Amino acid sequence: MTDKSYYSQLRRSIIGIIVAVSLTPLLVLAALGGYQFHSAYKQKVLAHMEQLVYGHQQSIDAFLSGKLAEIRVLTDVAGFDKVRDDAGLAQLLQSLQSRYDGVFVDLGLVNAQGTQVAYSGPFRLGRADYAHALWFQETMQREYYISDVFLGLRGLPHFIVGVKHSWHGQEYILRSTIDFVAFNRLVENVRIGETGLAYIVSRGGEFQTKPRRDVAMTAEFLNDVLTPEQDLRTHRFGQSQPHVHLGKDPATGEDTVFVTASLKNGDWLLVLQQSQDDAFRLFLRARNFALVGIIISTLAIVFMAFVLSKRILNTVVETDQQKEMMNEQVIEAGKLASLGELAAGIAHEINNPVAIMVEEAGWIQDLMEEEDLRASKEADEVLRALSQIRTQGGRCKEITHKLLSFARKIDPTMKRVHINELIEEMAALSEQRARFANVHIATDLADTLPPIEASPSELQQVFLNLINNAIDAMDHHEGGQLKITTRVENHQAVISVADTGQGIPKANLQKIFDPFFTTKPVGKGTGLGLSICYGIIQKMGGEISVSSVLDVGTTFHIRLPLRSAEGEGRSAS
Amino acid sequence: MSNQAGTIRLLLVDDEVGFVEVMCKRLQRRGLDVTPALSGTEAIQTLRKQDFDVAVVDLKMEDMDGIEILGIMKKMVPGLPVIMLTGHGSEQAAREGMEHGAFDYLLKPCELENLMAKIHQAVGK
């Protein structure tokens, strides 16, 4: 897996976790709270509608039975003389109308043959024949009867309250018409919300009151929606208590609440209906408000997840880079340590044979001082060869000493060191060599650089090494400029040694601090100088790095911590 | 301090046979009376039998540590100047030897003339 895809996946995981952890409780709470609130609110709304229907059921039934009772009282109290002619009935009707504010429209006396024998009222219905009227037949059978609303002879919606009574051995029906408008008002007044309406319907599906708006009353609607629990072809409405049904209003197609209760001993059904959107309006408003809140919260959480994941990822990337760098440094340090041990062992082993070699060459030189040997014609050549052996022995000695320096630093004694002074000394020391190589050494040293606690000889070795390397880099490049700068940055002393040499190829940059890595010709460099510098700087808790551009130059940067020296300075003061 | 003929008596202690051989020849050529010892034990035995004006001791030997031999020699002949020979890596040990009474130390391989100068310095000539 590449770093890029790994980090992308990590970021997706972080976003997923943040969103899941933040949103899950929010959504669960919203769902549970919403469900509880919905249940409680629905229960409350339906209970209110049931209560309303129950109250009207009671009052309508009381109205009907009251009107019936009035007629029954008349039949019981008023004598035949009072009811047998129009004038008597007119007196009774006037009395009823004055008491009930015009609810009773007319009064009529009908004989057993269905002929109206006396009548008082606004219509001309004298001698009307009701023999085939349903209400007449029902009343004759049941003693008293309240009819459904019908148009009848007068052509207006009305209903009849009839009571059978016997006068002088003859059966008569005293009937009265109830004012439809007054009755309708009882139901019309039941209003709830914007869409709530109430009406009364008979078992046959005929409206007994006029609904405020059109209601599509069909047999299926009546049977399946309003009274699903019983078949109206064989049973009366059986609901003494209000019932709630949820269904679709065929007229509007809306989800609607229907609350029904039976009236008139199950002949009629009082229906209160209201669209669910209207009935649960406050709940829906609260739900929509909560939904908007949840959507805004979700967007905020997702936004925060993106922002946070980016920040976390940046930190992770940074930490990973530091870790990788530290790993490289640990590997480098480990590599140097093991190589150091190896180098020390080799140096010791080589030192003795080299010493013998050099001494043997010295011995031959001693012998060459003899007269006879000196007289030999090849004596000069032998002496030259001996001198060469001794010179090369000296080089071997130098190499072994460097190897040992690599393993153990020259003088690790810690002292208070002024870096600037040390650099000036080293620059002065290399001045002669620089001049030969046509290199100009410039320094730009910060006065504010405080002294640090370090081994002067080790630091000398580092600076000398870097300066010599820089001069070597410019030696075959028609000279150049070597600039050494110091500055204080983030509690660190930063020393830069920059040359205008040929630069280091990128492939070599990675190996530049490896022991025995050299680009110098055979015999010119041991490849240990920069390794030693690296080891020394690492040991001091600092860092050494290199940046290079081909044909432009190379800069070595050394960063050394200033803390210890400053700390001592503070404690001393 | 030297023998009656004025020759400096030197005890050369090193376990490298080749080195001891060539050094003996070169030092003897320069008029020194050199007695070689190829181990610490041999050096101590030789020191019991003979007197020396100066000793040159290698710090790293198989049987005994240079500092240890120095301690024994100093006990046996307290006035004997001891010059220590060391590889570069045991410079620290050589310094330690100085603290234990060694006259001086030289890094191997060394210039014979330097060694001669130290020897003369040690015997006071």
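Author: Asp101(A) is exposed, with a relative accessible area of 71%; exposed means over 50%, buried under 20%, and partly exposed in between (1.4 Å probe, protein chains only). This is a predicted model, in which local features need pLDDT of at least 70 and side-chain atom pairs count only at pLDDT 80 or more, while totals for chains, interfaces and linings use all residues. Residues are numbered from 1 along each chain as its sequence is written, chains are lettered from A and ligands numbered from 1 in the order in which they are written, and side-chain values use heavy atoms, with hydrogens and water left out.

Reader: Where is Asp101(A) found, and what is its phi?

Author: Asp101(A) belongs to the loop between helix 3 (86-100) and strand 1 (104-111) of chain A. Helices (H or I, at least four residues) and strands (E, at least two) are DSSP runs, numbered from the N terminus. Most residues other than glycine have a negative phi. Asp101(A) is not a glycine, yet its phi is positive, near 55 degrees.

Reader: Is Asn490(A), which has a positive phi, buried or exposed?

Author: Asn490(A) sits in the loop between strand 13 (480-489) and strand 14 (492-499) of chain A. Its phi is about 50 degrees although Asn490(A) is not a glycine. Because its relative accessible area is 65%, Asn490(A) counts as exposed.

Reader: How far apart are the C-alpha atoms of Asp380(A) and Met368(A)?

Author: Asp380(A) is part of helix 10 (residues 379-407) of chain A, and with a relative accessible area of 63% it is exposed. Along the chain, Asp380(A) and Met368(A) are 12 residues apart, and the separation of their C-alpha atoms is 9.7 Å.

Reader: Which residues does Asn465(A) contact, leaving aside its neighbours within four places in sequence?

Author: Asn465(A) lies in helix 13 (residues 456-475) of chain A. Because its relative accessibility is 16%, Asn465(A) counts as buried. Contact means heavy atoms within 4.5 Å. With those neighbours left aside, the residues in contact with Asn465(A) are Gly529(A), Leu530(A) and Cys533(A).

Reader: What share of the residues in chain A is buried?

Author: Chain A contains 16 helices and 16 strands. Of its contacts with a separation of 6 or more, 63% are between residues 24 or more positions apart. Among the 573 residues in chain A, the buried share is 42%.

Reader: What area is buried between chain B and chain A?

Author: The contact takes 21 residues from chain A and 20 residues from chain B. Buried area is the accessible area (1.4 Å probe) that two parts lose on being put together, summed over both. Carbon and sulfur atoms give 53% of this area, which is about 2000 Å².

Reader: Which residue of chain B forms a salt bridge with Asp366(A)?

Author: A salt bridge is a side-chain nitrogen of Lys or Arg within 4 Å of a carboxyl oxygen of Asp or Glu. The rule finds 5 salt bridges across the interface of chain B and chain A. In one of them, at 2.8 Å from N to O, the partner of Asp366(A) is Arg30(B).

Reader: Which element gives the most to the side of chain B that touches chain A?

Author: With 7 residues on that side, the element is helix 1 (residues 17-29) of chain B.
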